[in-house]
Amino acid sequence: MTLSGERTLMVDHGWVPSFSGGLKRILACASIVGSLASAACGQEAGPPAADETAPPLSVQLAEPFLLDDSLPPLLPSLGNPAEAPATTAQQRLGIEGDFNPSADTNRRGRRDPIGSRRRSSASSRFLPSSTLGARARNQATRSGIALGLASVPFMIGDTNAGTCFSLRGIVNADISHPTLTCARLNISENNTAIPVDRVYYSYRHFHNSNSLRAYQFREVYNYDRHVVGFEKTFFGGMASVETRIPIEKRLRSDIISIVDPEVTNIVDLVADEEREIGLGNVSIISKLMLLQRSNFVLSAGLGVTIPSADDVRYRLGNRVSLPNTIVPGLVARNVSTFDFKYENETVYLSPFLAWLSTHNRSRWFHQGFLQIEVAANPSKLNANTAGTTEYFFNGVDAGFSVFQTPGGEPVEVDVFAQTLMRLNLGLGYQHTYYDRSRWISNIRSLYELHYTTTLQRANLSFIPLEQFGAGAGTVFPQFGAVGNADPRTDILNAAVGLSLNLGPLLVTNGVVAPLREAPDRGFDFEYNLQVQMLF
């Protein structure tokens, strides 16, 4: 045997040096295998003849080291497995906490040190935990998702529930009801860019959200929504389908208002029980990952909202006097009845993009959703009205007007919902990591901004009327219009919350506050509780 420098060992086939440990045994085994191969070919095992030239066996070493009984700790003894240092994958990679060893193997079950090194930096910051569950961790590994990305919590999100259905002309009223194009789907709520197997419960309280206004009288009501949902992945965790089933405690769907402040002094905007419990509009959301990197995921999908909530009926009897805004001193005294029935028929389509990113050397993470929501079809409004308006100028009779729907029968008009764009941006910070020995762990804070705007002006529909009159009644003809009285909406809300592991559950608490005033303000504040069970 000859030594060439410190990096190359030249070893003849017929002679085995008496080195220590496993290197000696490996070379001896190589000699035995060579002897057996020679015997199988009819040759006698032994050292080569003097006139034969045997090619040397070259062993390349990554770094110089001394050939003695002590080997570097990252190169355990190759001769006897019992002598190997008792190191785990976590210790070698510098990771603490729970670790999924399948993440270090390739598809054939072999060790993949390259993939292990690539994932170690992200995993050391955002560890796989029961945030995902065993099966979800395996799905994340199979689909190639970095473990750090897979442990980012779900967004808080928000739902805007502002005034978005109005009656103008013969009656002046606003109805903020979740079914009336108001509380529409926000895909970012309790969601993330990564498909996940889960079942969940979400509760949201909107304080002073549902409102009802008739003329100068207005009342506001709280709105509570309970959502039971589940999400199932497909194609090895690359895609999923989610279903959201909302149960709402909201402004009742059959509203009777009596407004007579002059004669009977009765003003009762909701003549019966103000709120009721009912099924909301069910949503189905599909999601597909488009791009995966060690610290970034991009997904796209489509949300579909099905009109499963009850229709809304609004009946109003009024006797009110209103000053004319055009002619000073002119007052209109209106006595009329209205019966409107909104048929909940609109299907909403919501294509979206979702993304999620982490940084290898930071506890911060970012996620977001961009959503466009389009009404696939209008809903119908059946209207039936009749009434009389008397005009007085400085207390003197100035004419009258009588109106009704054609033939005194109900008429049907379309109600169009405006197209919405939602931009939801979130930051999070990892305070503690998952610890299986603790009941509470994996604590993360969430900070979010939610912006909603209309991409088109309101499309009002006009109710046909028959009318005749005299005096001022011929100058100011009656009309009726339905739709969103605000041509444009720009809502900006901020959310802050905390997410943590509570035993096998992932629990998130959040509070949302509006940053703008009415009419771009859907509530005074919102509270959200999310409970996830992942499998």
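Reply: Buried means under 20% relative accessible area, exposed means over 50%, and partly exposed lies in between, with a 1.4 Å probe and protein chains only. By that rule, both F352 and F369 are buried.

Me: What kind of model is this, and how are residues numbered?
Reply: This is a predicted model, in which local features need pLDDT of at least 70 and side-chain atom pairs count only at pLDDT 80 or more, while totals for chains, interfaces and linings use all residues. Residues are numbered from 1 along each chain as its sequence is written, and side-chain values use heavy atoms, with hydrogens and water left out.

Me: What is the mean pLDDT of the protein chain?
Reply: The mean is 78, and 71% of the residues reach 70 or more; pLDDT is the predictor's confidence in each residue, from 0 to 100.

Me: Which elements have the lowest and the highest mean pLDDT?
Reply: Helix α2 (residues 89-93) has the lowest, 33, and strand β13 (residues 296-306) the highest, 97. Helices (H or I, at least four residues) and strands (E, at least two) are DSSP runs, numbered from the N terminus.

Me: Now the rings. How many aromatic pairs are there in the whole structure?
Reply: A search finds eight. Rings of Phe, Tyr and Trp (its six-membered ring) pair if their centres lie within 6.5 Å; planes under 30 degrees apart count as stacked, over 60 as edge-to-face and the rest as tilted.

Me: Why is the pair of F206 and Y223 classed as it is?
Reply: The ring centres are 5.2 Å apart and the planes stand at 15°, so the pair is stacked. F206 belongs to strand β6 (residues 198-214) and Y223 to strand β7 (residues 217-234), so the pair links parts 17 residues apart in sequence.

Me: Are F206 and Y223 buried or exposed?
Reply: F206 is buried, with a relative accessible area of 0%, and Y223 is buried at 0% as well. Together with F523, F206 and Y223 form one aromatic cluster.

Me: Switching topic, where does Q418 lie?
Reply: Q418 is in the loop between β20 (411-415) and β21 (420-430). Q418 is buried, with a relative accessible area of 8%.

Me: With which side chain does the side chain of Q418 make a polar contact?
Reply: The partner is the side chain of N484, at 2.7 Å. A polar contact is a pair of N or O atoms within 3.5 Å; within protein, one must be able to donate a hydrogen and the other to accept it, and residues adjacent in sequence count only if both atoms are side-chain atoms.
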